[in-house]
Amino acid sequence: MAILSLAFKSLLNRRFTASLILLSIALSVSLLLGVERLRVESRNSFANTISGTDLVVGARSGAINLLLYSVFRIGDATNNISWSSYRSIADHPKVAWTIPLSLGDSHMGFRVLGTNRDYFLHYRYSSKRRLSFHAGGPFEQVYQTVLGYEAAKALNYRIGQRIVIAHGTGKTSFTLHEDKPFEVVGILNPTGTPVDRTVHVPLEGIEAIHQGWIAGRQLAGLQISAEQALERDLTPKALTAFLVGLKSKLATFQVQREINDYRKEPLLAILPGVALQQLWDLMSVAENALLVVTALVVTIGLVGMLTVMLAGLNERRREMAILRSVGARPRHILLLVTGESLLLSLVGIAIGLLLLYGGLLVAQPYVESHFGLYLPITLPAPREWFMLGLVGTSGLLIGLIPGYRAYRYSLADGMNIRI
Amino acid sequence: MPQTAAIQLSNLRFRWRQGLPEVLNISELEVARGERVFIRGASGSGKSTLLALLAGVNLPTNGEVNILGQAISQLNGSRRDHFRSDHIGFIFQLFNLIPYLSVLENVALPCRFSRSRRLNATRSGNTLHDEARRLLEHLGMADDDLIHRPVTELSVGQQQRVATARALIGAPEIIIADEPTSALDSDMRQLFIRLLFQECERTGSTLLFASHDKQLESLFERHITLEKINRIGQELG
Ligand SMILES: Nc1ncnc2c1ncn2[C@@H]1O[C@H](COP(=O)(O)OP(=O)(O)O)[C@@H](O)[C@H]1O
Ligand SMILES: [Mg+2]
């Protein structure tokens with residue numbers, strides 16, 4: 001212990017270089033932990049995008065493709081499902097509820113989702129949390145809309161405002177459904193899921209704005225006003241996808257098989273949890289690459305320490321000789337030099353943790369509001385402790401290199417130093 | 001009861017490494033307790049080497065070194081280091097101090113490694129730093145301002161006095177000084193040696209003082225010329 005206090009004082013004496021080493025270790029450690037946190041939390045938040053839904057059903061394509069467009073609103077469906085197929089599955093005795101989804105339009109870059117009020121009743125995310133309203137409530141009439149939190153915030157919309165939906169999903173779509181504006185009646189609380197970026201309208205609203213349109217084009221000379229549209233039958237003819245909740249989870253695979261074998265139309269039913277897992281695994285290469293890069297950054301920090309320690313060693317041979325003359329053993333010399341590296345690594349780790357938590361405190365609201373990712377400020381997880389342990393151990397092992405050299409010097413020099 | 005000699009060596013031979021020439025070959029040397037011995041020798045004649053052997057930092061290639069009746073080569077490495085910190089105080093020629101320790105910490109340093117010297121130093125009920133202060137005062141370094149200065153800002157003379165206080169703390173039986181005055185001007189030299197003698201007398205320590213400076217020789221009661229006792233030097237000469 002006496003030797004470690006010497007190591008501490010020796011570092012204090014070289015506080016400029018020592019603090020540079022500390023800085024590089026601390027920064028790399030906080031980067032490592034920060035990346036790990038982001039990775040774990042984005043995985044969690046990803047897995048929490050949708051919950052409580054037993055099956056997602058769409059036209060037959062790939063499972064991941066279906067998940068992407070129905071849950072993440074990324075990409076487009078290759079085919080629609082007919083309303084009659086939807087109805088017959090919705091009326092299946094084992095099905096408790098369904099949420100129809102109709103996609104294809106957008107508003108200022110935000111996807112428009114046609115659905116019904118069951119969405120606000122049955123949709124769950126995270127650990128079975130239901131949607132709640134920041135302001136207003138669900139839509140009740142055809143030309144009403146409920147905005148996700150982020151969409152409302154980004155566009156600075158308030159209850160009562162009227163918005164126009166664009167045809168298609170491009171950010172700057174030129175064909176607007178200008179004649180049929182929607183009134184904002186509700187704004188949802190943030191969820192950290194794609195719901196936040198969604199503009200919700202009734203299925204009938206989607207149907208109404210497309211009256212007089214065929215195959216995505218407005219028929220010339222066929223203008224149907226908002227009021228006229230209401231007179232028509234607004235039952236949708238097709239859907240993009242729908243979510244299914246079952247009365248009993250035990251029936252999941254049976255119902256899935258029945259849907260996949262559905263005669264009248266090629267359909268695909270997927271278990272969202274499984275598909276989410278598959279999707280995440282696709283990204284795990286990038287995830288691991290990121291982790292490897294940060295591990296390399298830590299290594300560079302430690303190698304920097306090694307360089308400085310080795311460079312300073314020759315100048316310290318006299319110091320070692322003095323210590324030997326007052327009774328220090330070669331082992332003490334080893335401990336002194338290695339202890340310095342160990343102290344630097346440990347203090348670097350501690351500062352790195354402080355930086356991490358400081359960074360989390362500062363970034364938390366920003367990351368939540370901009371990326372819908374909630375970063376909890378919690379004690380390090382076992383895996384993070386393991387990483388820190390690894391950094392500390394590496395620091396110790398790396399410190400053994402200059403330590404051993406000093407040990408060799410002190411054996412060879414004894415007390416005779418001719419510098 | 002006759003006390004054992006402070007230092008007694010016989011048929012000592014030493015080379016630094018296999019393949020290097022022998023540096024020392026001394027058939028007999030004895031120093032009684034309390035003696036003050038001047039060891040003269042030209043630069044490179046092996047003074048420092050001899051002192052390192054006496055301190056047990058290096059072991060003789062042949063022969064035996066007895067310090068205070070203890071055969072040094074019979075101790076293992078860590079025992080030797082212990083033995084040294086318990087019984088021997090060391091003063092180098094230059095740069096004696098650990099740059100990152102304060103003056104008082106430098107003086108108290110041997111007590112970190114030696115329990116017996118720590119006990120000796122604190123016997124009168126003083127703390128280690130009190131004792132360090134007391135020794136510095138005896139060596140004319142009473143000034144509080146000096147004591148609180150970083151050791152790197154002290155003059156060479158002041159540094160050597162701090163080193164002397166460090167060698168003396170805890171009253172080790174043997175003080176070994178390896179050309180401690182060669183960096184001092186001649187007035188400082190006389191003063192330094194007087195103070196060193198005074199303190200060795202007080203604690204009854206044996207003093208071995210290596211130097212190539214003939215002027216100082218007369219101050220000592222016993223002189224050893226290394227070239228005379230070392231057969232290697234004779235052959236070369
Ligand atoms: N650590 C060492 N390794 C190898 N040779 C050494 C070492 N220290 C001293 N020597 C050699 O031993 C001889 C005596 O040196 P030294 O004892 O330092 O002489 P002095 O102290 O009288 O000037 C010299 O030739 C020197 O080169
Ligand atoms: Mg010498």
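Is Met108(A) buried, partly exposed or exposed, and how many C-beta neighbours does Met108(A) have inside 10 Å?

**Entry 1: Met108(A)**

I note before anything else that this is a predicted model. I counted around Met108(A) and found 16 C-beta neighbours inside 10 Å, so Met108(A) counts as partly exposed. A residue needs 20 or more other C-beta atoms within 10 Å to be called buried, and 12 or fewer to be called exposed. I then looked up the backbone: Met108(A) is not a glycine, yet its phi is positive, at about 50°. Most residues other than glycine have a negative phi. I placed Met108(A) in the loop of chain A that runs between strand E3 (95-107) and strand E4 (110-115).

**Entry 2: Arg73(A)**

I found a positive phi at Arg73(A) too, near 55°, and this residue is also something other than glycine. Where in chain A is Arg73(A) placed? I traced Arg73(A) to the loop between helix H3 (63-70) and strand E2 (81-82) of chain A.

**Entry 3: chain A as a whole**

I listed 13 helices and 17 strands in chain A. Why do I write that chain A is more spread out than a compact globule? Its radius of gyration is 31 Å, well over the 22 Å that the globule rule gives for 419 residues, and therefore I call chain A more spread out than a compact globule. I also noted the extent of the C-alpha trace of chain A along its principal axes, about 105 × 45 × 35 Å. Of the 419 residues in chain A, 40% are buried. I took the contacts in chain A between residues at least 6 apart in sequence, and 79% of them join residues at least 24 apart.

**Entry 4: the domains of chain A**

I looked up how chain A is divided. Domain 1 takes in 2-46 + 283-413, and domain 2 takes in 55-270. The C-alpha centres of domain 1 and domain 2 of chain A are 51 Å apart. How many residues of domain 1 of chain A are in contact with domain 2 of chain A? I found four residues of domain 1 in contact with five residues of domain 2. On the domain 1 side of this contact I sorted the residues into two nonpolar, two polar and no charged.

**Entry 5: chain B as a whole**

I listed 11 helices and nine strands for chain B. The radius of gyration of chain B is 18 Å, close to the 18 Å that the globule rule gives for 237 residues, so I wrote chain B down as being as compact as a globular protein of that length. Along the principal axes, the C-alpha atoms of chain B fill a box of roughly 50 × 40 × 35 Å. I found 46% of the 237 residues in chain B to be buried. Among contacts in chain B with a separation of 6 or more, 74% are between residues 24 or more positions apart.

**Entry 6: where the chains touch**

I looked up the contacts between the chains and found 24 residues of chain B in contact with 17 residues of chain A. Which helices of chain B each supply at least two residues of the side that touches chain A? I noted helix H1 (47-54), helix H2 (77-87) and helix H4 (110-113) of chain B. H2(B) gives the most to this side, with six residues. I sorted the residues on the chain B side into 12 nonpolar, nine polar and three charged.

Terms used:
Residues are numbered from 1 along each chain as its sequence is written. Chains are lettered from A and ligands numbered from 1 in the order in which they are written. This is a predicted model: local features need pLDDT of at least 70, side-chain atom pairs count only at pLDDT 80 or more; totals for chains, interfaces and linings use all residues. Domain bounds come from an automatic or database domain assignment. Two residues are in contact if their C-beta atoms, placed from the backbone, lie within 7 Å. Ala, Val, Leu, Ile, Met, Phe, Trp, Tyr, Cys and Pro count as nonpolar, Asp, Glu, Lys and Arg as charged, and the others, Gly among them, as polar. Helices (H or I, at least four residues) and strands (E, at least two) are DSSP runs, numbered from the N terminus. The radius of gyration is taken over C-alpha atoms; the globule rule is 2.2 Å times the number of residues to the power 0.38.
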